Amino acid sequence: MKKTLIALALTFGGATAALAADIVDTAMKAGSFKTLVAAVQAAGLVDTLKGPGPFTVFAPTDEAFAKVPKATLDALLKDKAALTKVLTYHVVPGKVMAADVKAGKVRTVQGQELTLGTSGGVTVDNARVTATDVAASNGVIHVIDTVVMPR
């Protein structure tokens, strides 16, 4: 009986920890956002994205970052202000689930507006959303196939 209770406690604790992962930890565990996580760290945004939020993050995959010319990406990673501008352009305040997305403009944390489209699938500026509603304790992640750049 004691072993069963311990096993149940460990299982419940593990399930609770999995549900409680914030946006940064969720992205790290996914394994396909190594470049994004490294950029968030370089920009000093980890604490913000681990904060209470809620946030909606349109998260480019490693493959999306691979589309960015190497010289451009290297320059961004060396320029904290420019990197912060690009990364916060991928974040919208609040928790917007896929079912709630409406075509139109939405203001980002960076201050400019993203254009959301819903015809033939969800798009964010020139990026296509490839996976939706990845839940985190402080918001939601929608996976995109292209890094979107502020104007």
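Which residues does leucine 36 touch, not counting residues up to four places away in sequence? In this predicted model, where residues are numbered from 1 along each chain as its sequence is written, local features need pLDDT of at least 70, side-chain atom pairs count only at pLDDT 80 or more, and totals for chains, interfaces and linings use all residues. Side-chain values use heavy atoms, with hydrogens and water left out. Leucine 36 touches Ala59, Pro60, Asp62, Phe65 and Leu87, where contact means heavy atoms within 4.5 Å.

Leu36 is also among the residues with the most contacts inside the largest nonpolar core, together with Phe33, Leu49, Val57 and Leu87, and this core has 27 residues. A nonpolar core is a set of buried Ala, Val, Leu, Ile, Met, Phe, Trp, Tyr and Cys residues joined through side-chain atoms within 4.5 Å; buried means under 20% relative accessible area, exposed over 50%, and partly exposed in between, with a 1.4 Å probe and protein chains only. Two or more residues of this core come from each of helix H2 (23-30), helix H3 (34-43), strand S1 (55-60), helix H5 (62-66), helix H6 (70-78), helix H7 (80-88) and strand S7 (139-144). Helices (H or I, at least four residues) and strands (E, at least two) are DSSP runs, numbered from the N terminus. H3 supplies the largest share of the core, five residues. A second, separate core of eleven residues includes Phe58, Leu114, Leu116 and Val129. In soluble globular proteins, nonpolar side chains tend to be buried together.

Alanine 39 lies in helix H3 and counts as buried because its relative accessibility is 1%. Leaving aside neighbours within four places in sequence, alanine 39 is in contact with Leu77, Leu83 and Leu87. Alanine 39 and leucine 77 are 38 residues apart in sequence, yet their C-alpha atoms are 6.6 Å apart in space.

Seven strands form an open sheet of mixed pairing, in the order S2-S1-S7-S6-S5-S4-S3, where two strands pair if DSSP finds at least two bridges between them. Strand S2 (91-93) and strand S3 (104-107) stand at the edges with a single partner strand each, so one side of each is left without a neighbour in the sheet. Strand S4 (residues 113-117) and strand S5 (residues 123-124) run antiparallel and are joined by two bridges, and the bridge partner of glycine 117 in S5 is threonine 123. H2 lies across S1, strand S6 (127-136) and S7, running at about 40° to S7; axes are lines fitted to C-alpha atoms, for helices over the stretch in contact, and angles run from 0 to 180 degrees between N-to-C directions.

Five salt bridges are found in a search of the whole structure, each being a side-chain nitrogen of Lys or Arg within 4 Å of a carboxyl oxygen of Asp or Glu. Aspartate 22 forms a salt bridge with lysine 50, with the closest N and O atoms 3.0 Å apart. This pair links distant parts of the chain, 28 residues apart: aspartate 22 is in the loop between helix H1 (2-19) and H2, and lysine 50 in the loop between helix H4 (46-49) and S1. Aspartate 22 is buried, at a relative accessible area of 10%, whereas lysine 50 is partly exposed, at 35%.
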